[in-house]
Amino acid sequence: MASRTFLCFNHGKFFIPFANTKVIPFSKRPMKSFNFSSVSCSLNTPQPTVEPKSQAGSTPNVVKILKERGLLESITNENLRLVCSDQTAGPLKVYCGFDPTAESLHLGNLLGLIVLSWFQRCGHKAVALIGGATGRIGDPSGKSQERPELDLNTLEKNIVGIMEIINKILSKNAYLGSEKHSNFVILNNYDWWKEVRLLDFLKQVGRYARVGSMMSKESVKKRLESEQGMSYTEFTYQLLQGYDFLYLFKNEGVNVQIGGSDQWGNITAGTELIRKILQVEGAYGLTFPLLLKSDGTKFGKSEDGAIWLSPSMLSPYKFYQYFFSVPDADVVRFLRILTFLDMEEINELESAMTKPGYVPNTAQRRLAEEITRFVHGEDGLSEALKATEALRPGSETKLDWKTIEGIAEDVPSCSLPYSKVLNLLIVDLSVSSGLFESKSAARRLLKQGGVYLNNKRVDNESKRIEAEDIVDGKVLLLSAGKKNKVVVRIR
């Protein structure tokens with residue numbers, strides 16, 4: 001690994017040391033460098049190149065699809081609706097930014113990946129931009145205070161984790177409409193920011209940024225009115241993101257930036273810089289609504305925190321269960337927003353929910369299956385379904401040690417010696433494991449048929465733990481009703 005130093009300023013140039021990030025290219029051509037001296041203000045500045053269409057036939061209008069599914073908030077120019085279906089223009093290149101503020105993306109970030117996937121499915125090319133540079137600053141949009149600064153090791157670790165998630169998801173559509181080349185790329189904006197000189201940036205870009213316009217952005221106004229205020233570092237974030245769009249437009253032929261509705265100010269900062277500096281049209285912005293529940297509260301948080309997309313931070317089982325528990329009032333809207341099911345099928349599910357004979361949670365099960373498959377793949381969905389079925393009290397599915405361990409992080413657990421567990425009364429084990437607070441409570445639910453050992457109902461309070469009860473000689477699963485469980489590890 002290359003040696004690193006701290007952020008410093010020398011001879012008019014900022015140095016922000018960082019390990020190089022692997023780029024997955026559209027083709028094998030090297031990335032062009034951005035030389036400020038080459039930025040022309042002539043009206044003859046060329047438009048960014050657009051790759052030719054890779055397949056014949058009509059192009060689905062992605063903006064129309066996003067609107068129909070509730071994934072469109074605003075667009076910067078109505079011409080985008082026409083460009084999306086223009087047979088002669090070729091595919092668009094569309095980018096969405098992801099700052100590496102954590103080791104995993106979360107549910108809020110998933111909307112950006114879903115919208116990028118829709119562009120892929122409609123024959124366009126997706127660009128996922130990792131904020132290796134802007135992540136050091138922190139986007140103030142929607143934040144009440146400045147983000148804590150991340151050290152280099154944490155930043156690198158976060159970038160690796162986020163890239164793995166993005167690559168796994170976008171590669172599902174990687175060769176749609178293209179026979180030879182992948183239709184997505186992952187870039188890191190540190191790769192060009194590390195070459196940017198401060199004085200050149202102020203001269204060539206900063207002079208086109210109007211302070212009044214920057215202060216009028218909603219994210220800035222809210223922070224300025226707050227007790228914490230806003231630092232100059234955060235204030236410049238919109239200019240940094242705007243420059244990213246300028247760079248990608250000029251060097252990579254990217255013509256559309258997407259983001260959540262809270263990114264509108266940052267996105268328009270980019271389209272304005274392109275128009276003023278390059279003096280060309282053809283740069284567009286598109287925002288999608290933030291993911292909210294029917295009661296207006298933010299969707300994507302659980303009692304334990306964010307709904308992470310990495311299986312190492314949130315198991316596929318728990319991810320699946322989160323969507324399975326979505327209320328009826330939200331499930332149809334989420335099917336439209338978060339899945340790629342045909343609208344006809346979604347409408348049929350919605351209609352079935354109002355008819356006699358509808359099996360409760362059928363729509364939720366479809367939602368959970370589709371979104372878990374999209375994020376975690378077929379293997380992740382299989383793991384979640386197996387655990388869901390196996391952990392249902394009364395299930396006939398045979399439990400194994402791996403299945404129980406798969407949900408051990410999501411339910412309480414304890415560790416007891418083999419000698420203490422063997423021949424122990426089930427009532428005593430229920431208390432010593434923490435499933436019940438008292439023996440009387442355990443006996444009461446046992447008589448009501450609500451106590452389970454490895455998903456099998458316990459009918460006799462004199463039941464003792466036998467060697468064959470210990471799954472694979474390693475664990476036991478105790479349940480009180482359908483939801484309360486505890487894993488007992490045997491040592």
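Biologist: How many helices and strands does the chain have?

Modeller: The chain has 19 helices and 15 strands. Helices (H or I, at least four residues) and strands (E, at least two) are DSSP runs, numbered from the N terminus. This is a predicted model: local features need pLDDT of at least 70, side-chain atom pairs count only at pLDDT 80 or more, and totals for chains, interfaces and linings use all residues. Residues are numbered from 1 along each chain as its sequence is written, and side-chain values use heavy atoms, with hydrogens and water left out.

Biologist: What share of the 491 residues counts as buried?

Modeller: 50% of them. Buried means under 20% relative accessible area, exposed over 50%, and partly exposed in between (1.4 Å probe, protein chains only).

Biologist: What share of the contacts with a separation of 6 or more comes from residues 24 or more positions apart?

Modeller: Such residues account for 75% of those contacts. Contact means heavy atoms within 4.5 Å.

Biologist: Why is Asp330 called buried?

Modeller: Its relative accessible area is 1%, so Asp330 is buried. Arg333 has 30%, and therefore counts as partly exposed.

Biologist: What makes Arg333 and Asp330 a salt bridge?

Modeller: A salt bridge is a side-chain nitrogen of Lys or Arg within 4 Å of a carboxyl oxygen of Asp or Glu. Here the closest N and O atoms are 3.3 Å apart. Both residues lie in helix 13 (residues 328-338), three residues apart, about one turn of the helix. An α-helix has 3.6 residues a turn, so residues three or four places apart point the same way.

Biologist: How many salt bridges are counted by this rule?

Modeller: The count comes to 13. Among them, Arg81 pairs with Glu78, with the closest N and O atoms 2.5 Å apart. Arg81 is partly exposed because its relative accessibility is 31%. Glu78, at 48%, is therefore partly exposed too. Lys463 and Glu466 also meet in a salt bridge, 3.4 Å from N to O.

Biologist: Which residues are linked in a network of salt bridges?

Modeller: Glu345, Arg366, Glu370, Arg373 and Glu378.

Biologist: How do you know that the buried residues of helix 8 line one face?

Modeller: Ser219, Val220 and Arg223 are buried in helix 8. Seen down the axis, the buried residues fall within an arc of 95 degrees, so they line one face of the helix. The arc is that of the directions from the helix axis to the C-beta atoms. The buried residues pack against helix 7 (211-215), helix 9 (232-235) and helix 10 (237-252). Exposed Lys222 and Glu225 sit on the face turned away from the buried side.

Biologist: Which residues make the nonpolar surface patch of about 260 Å²?

Modeller: Val211, Met215 and Leu224 make it. Patches are made of residues with over 30% relative accessible area and no salt bridge; like charges are joined within 9 Å, nonpolar side chains (Val, Leu, Ile, Met, Phe, Trp, Tyr) within 5 Å. Leu224 lies in helix 8 (residues 218-225). Leu224 counts as partly exposed because its relative accessibility is 44%.

Biologist: What makes strand 11 and strand 13 edge strands?

Modeller: The open sheet has five strands in the order 11-15-14-12-13, with mixed pairing. Strand 11 (413-416) and strand 13 (456-457) each pair on one side only. Two strands pair if DSSP finds at least two bridges between them. Four bridges join strand 11 to strand 15 (residues 484-490), and these two run parallel. Cys414 stands opposite Val488 in strand 15.

Conventions: Areas by Shrake-Rupley, 256 points an atom, 1.4 Å probe, with all protein chains shown as cover.
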